[in-house]
Amino acid sequence: MELELRHLRTVRAIAEAGSLTRAATALGLAQPALSAQLKRIERALGGVLFERGRHGVRATPLGELVLERTRVVLPAVTELQREAARFARTPRGPGHLRLGGTHGPLLGALLVRLADAAPDARVTTRTSWSERRLAALLAEGRLDFALAGTCGSAAPPGADGLVWREVAVDPVFVMLPARHPLSDATEIGLGELAGEDWACVPGDGCFGDCFTAACARAGFTPRHLYETDPTALVHLVQAGRAAGLCRATFPATDGVVTRPLTGTPLAWRHLLGWHAGGRHVDTAGTVLAEARVAHAGVAARSDSYTRWLAAHRVP
């Protein structure tokens with residue numbers, strides 16, 4: 001069984017009611033039918049969500065994780081439905097949406113969702129390593145929306161009239177060859193990698209400085225930091241020439257593993273930007289909601305990120 005939104009609503013209803021009997025009444029179901037549905041949901045999620053007692057039900061640690069994610073997903077979908085309805089009621093032709101972004105799986109996932117939400121719209125893309133370049137294209141009216149990012153809590157790329165909204169925040173993971181002595185570790189202290197060379201993808205923000213500062217706090221100075229494209233980064237890691245720095249959503253790749261850094265010394269904030277006077281500003285809420293759902297889907301496909309989320313209970 002594939003998990004659906006109605007299943008998340010069922011889990012939320014059980015938690016809010018505090019018992020299966022009261023939840024069944026609220027949902028208009030027979031209690032045995034709700035119990036059977038809960039068992040199917042638990043099988044789909046891989047574990048028990050609620051412990052039953054004389055006084056009702058109590059969420060297990062897995063149940064708490066699911067409820068925390070539900071508090072993000074369901075409001076986002078509700079917002080998406082409202083915005084989509086408004087979008088559908090607005091007279092327009094097929095339309096042309098110009099989307100920019102940096103590298104990474106989030107851009108592709110967003111394109112898929114936009115194509116499903118508005119199949120008659122024409123979506124074109126433009127990629128750049130430079131967040132500042134994407135901001136300039138928004139300001140010049142050459143892009144309608146841009147996916148960019150900042151290191152930690154750094155300010156987004158600036159230009160007059162731009163609006164930036166947070167899509168999600170990911171921890172930065174380390175990428176190691178599968179044969180590395182630390183590849184089986186659950187988390188890795190940054191100081192344990194003091195003897196490595198490093199590789200990351202390029203950008204014009206403060207990530208390099210933030211990484212150097214994190215290394216200094218861990219008691220060492222990085223020997224070398226290569227800036228290269230994702231394909232070359234993976235090759236360097238597979239060859240054992242460098243440890244890679246990547247977002248936690250980096251897809252599974254043969255010959256490498258991604259692992260969280262102890263204490264999460266580095267984080268990456270995904271942002272969606274647009275110009276306040278842009279021609280598609282009325283659809284910004286829809287695109288933002290789609291980006292957040294796309295990110296949740298990308299995160300769910302990463303085993304290492306899923307384990308990290310379960311351990312840290314990040315909403």
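So, E140 is partly exposed, at 46% relative accessibility. For the cut-offs, buried means under 20% relative accessible area, exposed means over 50%, and partly exposed is in between, with a 1.4 Å probe and protein chains only. The partner of E140 is R142, and the two form a salt bridge with the closest N and O atoms 3.2 Å apart. R142 is partly exposed too, with a relative accessible area of 41%. A salt bridge here is a side-chain nitrogen of Lys or Arg within 4 Å of a carboxyl oxygen of Asp or Glu. By that rule we get 7 salt bridges.

Quick housekeeping before I go on. This is a predicted model, where local features need pLDDT of at least 70 and side-chain atom pairs count only at pLDDT 80 or more, while totals for chains, interfaces and linings use all residues. Residues are numbered from 1 along each chain as its sequence is written, and side-chain values use heavy atoms, with hydrogens and water left out.

Back to the salt bridges. Take R98 and D144, whose closest N and O atoms are 2.9 Å apart. R98 is in strand 3 (residues 96–101), D144 is in the loop between helix 6 (131–139) and strand 5 (145–151), and the pair links distant parts of the chain, 46 residues apart. The helices (H or I, at least four residues) and strands (E, at least two) are DSSP runs, numbered from the N terminus. Are R98 and D144 buried or exposed? R98 is buried, and D144 is as well.

Then there's E166 with R269, a salt bridge at 3.9 Å, N to O. E166 is in strand 6 (residues 162–177) and R269 in strand 11 (residues 267–275), so this pair ties together parts that are 103 residues apart in sequence. On accessibility, E166 is partly exposed at 38%, whereas R269 is buried at 16%.

Now the rings. Rings of Phe, Tyr and Trp (its six-membered ring) pair if their centres lie within 6.5 Å; planes under 30 degrees apart are stacked, over 60 edge-to-face, and the rest tilted. How many aromatic pairs does that give? The count comes to 5. One of them is F173 with Y305, edge-to-face, 6.1 Å centre to centre and 80 degrees between the planes. F173 sits in strand 6 and Y305 in helix 10, so the pair ties together parts 132 residues apart in sequence. F173 is buried at 1% relative accessibility, and Y305 is buried at 3%. Another edge-to-face pair is W198 with F211, 5.0 Å centre to centre and 65 degrees between the planes. W198 is in strand 7 (residues 198–200) and F211 in helix 7, so here the parts tied together are 13 residues apart in sequence. W198 is buried at 0%, and F211 is buried at 0%. Ring pairs also link F173, Y305 and W308 into a cluster.

Okay, empty space. Rolling a probe the size of a water molecule over the atoms shows where it is left. The search uses a 1 Å grid over the protein atoms alone: a cavity is a set of points where a 1.4 Å probe fits but cannot get out, a pocket is an open set with protein on both sides within 12 Å along at least five of seven lines, and lining residues have an atom within 4 Å of a point. Grid points are joined across faces, edges and corners, and a volume is the space filled by probe spheres set on the points.

The largest pocket has a volume of about 1100 Å³. It is lined by 35 residues, and R69, V73, A296, G297 and A300 lie nearest its centre. Which helix gives the most to that lining? Helix 4, with 8 residues. By class, the lining of the largest pocket is 24 nonpolar, 4 polar and 7 charged; Ala, Val, Leu, Ile, Met, Phe, Trp, Tyr, Cys and Pro count as nonpolar, Asp, Glu, Lys and Arg as charged, and the others, Gly among them, as polar.

The second largest pocket holds about 640 Å³ of space. Closest to its centre are E131, P202, F207, R247 and W268, out of 35 lining residues.

Last one: there is 1 cavity of 30 Å³ or more. The largest cavity has about 70 Å³ of space, and R247 is among the residues that line it, along with H103 and H270. Helix 5 (105–117) and strand 5 each give two or more residues to that lining.
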